Amino acid sequence: GAPWPLTQNDNSYNVGNGGFSLRTRKIMLEIIDKIDINDTQYNQSTLEYITNNKLTTPPEDVYFTKNMIDYNIGLLADYDIAKTFSIEHIYYNEPFGGHCFWLSRKDNNDWHSVFESFFFHIFNTVAITTPYDFSIGGGELYLSKIMLYFLERNYVIFLFNNTNKDVLYTSFKHYFPSRYLSKLLIKDWNNINDYKGLFDYHIDMLNSKIPEINGLSKKKENSIFHCQFPFDLDQTYSNDRMEKLYSYNTIIVNSEFTLTKYKYYTQYLDNMPNIYILYPPSINNINIENNIENNIENNIENKIENSFVMIGRIFSYNEMANNKNMDIAIKILTQFTNFKLFIIGSVKSQQWLDYLKSISNDNVHFYLDIDDDEKIKILSQSKYYLHLTGIDDNEQQHPYRFEHFGISLIEAIKYQCIPIC
């Protein structure tokens with residue numbers, strides 16, 4: 001068991017706290033047969049403890065450990081070994097376990113932070129940091145699949161993010177099986193610096209060439225920066241900001257397109273971390289052995305003639321975003337009579353949704369914040385997938401307005417939608 005303070009003399013080893021202990025049943029029975037608990041000769045610390053706590057029976061952990069020493073029965077760990085197994089009043093930074101271990105940090109009245117300091121020695125942990133709303137979308141799907149990878153391997157996830165809690169929990173329920181929700185801990189973005197060097201892994205996501213925060217993992221090689229797209233293009237940064245980049249060992253991007261742009265806009269930088277493409281998860285499962293040709297034929301037969309589908313967040317035009325241009329699609333298609341347009345998306349701007357509805361007619365149908373099953377049903381019925389991101393724009397001048405990968409496009413192709421881009 002855990003060691004006791006050296007100011008106590010419960011036994012000559014100062015070891016044996018029973019709150020969290022490892023014992024041999026045979027040795028305990030031998031001591032019970034050897035001497036009664038009330039006949040044991042206790043030292044001053046134990047006698048004072050009995051008196052102060054008004055005990056009618058002496059503490060059993062002292063009874064066993066003192067008699068182990070006095071009668072040379074069994075083996076009792078020494079002080080230094082004991083603290084690596086368990087702690088209570090005596091602090092050790094990497095114990096196997098503990099009993100009331102916060103008592104070892106009486107100098108710190110913030111019990112929550114004391115508990116967390118031990119938490120990181122007990123559990124495998126991953127920090128996920130992103131300043132953007134964690135709602136339902138491509139970037140969040142990308143991060144969620146990374147998080148799921150670690151959750152399936154028994155890691156605890158710390159998400160540093162200031163998204164509205166209701167929105168966040170809705171996203172969690174959408175992306176993760178319920179059995180993992182207790183392993184997703186939400187932390188305030190503004191408290192990130194309090195956690196530097198505590199995590200086994202850290203993934204930071206940003207729309208920039210250079211991260212805004214330092215890597216948080218214990219080892220630099222486990223700090224990963226994910227650049228969704230370098231929206232900052234030619235912007236230069238101070239030495240302090242550049243040092244943040246160098247605290248990461250690896251950069252990941254989501255496509256060849258993003259990689260090309262990232263390398264172009266960072267070509268002037270020295271000592272860059274390793275850069276890799278980690279493609280977004282676009283298809284959950286593929287059964288190659290299934291009769292694919294029959295599936296395609298059956299799906300095509302179920303397609304609605306002259307039907308179109310679009311997928312994307314519903315938000316007003318943003319200079320620094322790859323807008324889906326749903327309004328352009330609506331204005332073009334409503335010039336015809338025989339069509340159906342299905343728009344699937346999460347609502348980021350009610351005002352923009354109201355505008356899209358105002359320019360629509362009965363042939364335009366909105367499906368908002370739906371689950372995957374309903375999305376698959378609509379994709380299976382739709383003949384064409386409209387992808388208008390970057391339309392009427394210049395890729396060289398505004399590369400960020402173009403599609404960086406296109407998860408929804410791949411999803412649509414899986415369900416035999418003909419892409420129109």
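**Helices, sheet and cores**

Tutor: In this predicted model, the buried residues of helix α2 (residues 44-52) are Ser45, Thr46 and Ile50.

Student: Within what arc do the buried residues of α2 fall, seen down its axis?

Tutor: Ser45, Thr46 and Ile50 are the buried residues of α2. On the other side of α2, Thr51 and Asn52 are exposed. The buried residues line one face of the helix, because seen down the axis of α2 they fall within an arc of 135°.

Student: Which residue just after α2 takes a positive phi?

Tutor: The cover over the buried residues of α2 includes α3 (60-70). Just after α2, a positive phi of about 55° is taken by lysine 54.

Student: Against which elements do the buried residues of α12 pack?

Tutor: In helix α12 (residues 350-358), the buried residues are Trp352, Leu353 and Leu356. They cover an arc of only 105° around the axis, so they are on the same side of α12. Gln351 and Ser358 are exposed on the other side of α12. The packing partners of the buried residues are α11 (326-333) and β14.

Student: Which strands are at the edges of the open sheet that contains β14?

Tutor: The open sheet has 5 strands in the order β14-β13-β12-β15-β16, with parallel pairing. Each edge strand pairs on one side only, and these strands are β14 (364-368) and β16 (418-420).

Student: Which residue in β16 does leucine 386 stand opposite?

Tutor: Strand β15 (residues 384-386) runs parallel to β16 and is joined to it by 3 bridges. In β16, the residue opposite leucine 386 is isoleucine 420.

Student: At what angle does helix α14 run to β15?

Tutor: Helix α14 (residues 407-414) lies across β12 (307-311), β15 and β16. Its angle to β15 is about 175°.

Student: Is histidine 365 buried, partly exposed or exposed?

Tutor: Histidine 365 lies in strand β14. Beyond four places away in sequence, histidine 365 touches Lys340, Leu341, Phe342 and Ile343. Leucine 341 is 24 residues from histidine 365 in sequence, with a C-alpha to C-alpha distance of 6.1 Å. Since the relative accessible area of histidine 365 is 25%, this residue is partly exposed.

Student: Does lysine 324 count as buried or exposed?

Tutor: Lysine 324 is found in the loop between β12 and α11. Residues touched by lysine 324, beyond four places away in sequence, include Met310, Arg313 and Leu388. The threshold for burial is under 20% relative accessible area. Because its relative accessibility is 17%, lysine 324 counts as buried.

Student: Which residue's side chain is joined to that of lysine 324 by a polar contact?

Tutor: Glu403 is among the residues that lysine 324 touches. A polar contact of 3.2 Å joins the side chain of lysine 324 to that of glutamate 403.

Student: Which element gives the most to the largest nonpolar core?

Tutor: The largest nonpolar core has 26 residues, and those with the most contacts inside it include Ile128, Phe134 and Phe172. Among the elements that each supply at least two residues are β5 (125-129), β6 (156-160) and α7 (165-175). With 8 residues, the element that gives the most to this core is α6.

Student: How many residues has the second, separate core?

Tutor: Ile192, Cys227, Val253 and Leu259 are included in the second, separate core. The number of residues in this core is 25.

Conventions:
Residues are numbered from 1 along each chain as its sequence is written. This is a predicted model: local features need pLDDT of at least 70, side-chain atom pairs count only at pLDDT 80 or more; totals for chains, interfaces and linings use all residues. Side-chain values use heavy atoms; hydrogens and water are left out. Two strands pair if DSSP finds at least two bridges between them. Helices (H or I, at least four residues) and strands (E, at least two) are DSSP runs, numbered from the N terminus. Contact means heavy atoms within 4.5 Å. Axes are lines fitted to C-alpha atoms, for helices over the stretch in contact, and angles run from 0 to 180 degrees between N-to-C directions. Buried means under 20% relative accessible area, exposed over 50%, partly exposed in between (1.4 Å probe, protein chains only). The arc is that of the directions from the helix axis to the C-beta atoms. A polar contact is a pair of N or O atoms within 3.5 Å; within protein, one must be able to donate a hydrogen and the other to accept it, and residues adjacent in sequence count only if both atoms are side-chain atoms. A nonpolar core is a set of buried Ala, Val, Leu, Ile, Met, Phe, Trp, Tyr and Cys residues joined through side-chain atoms within 4.5 Å.
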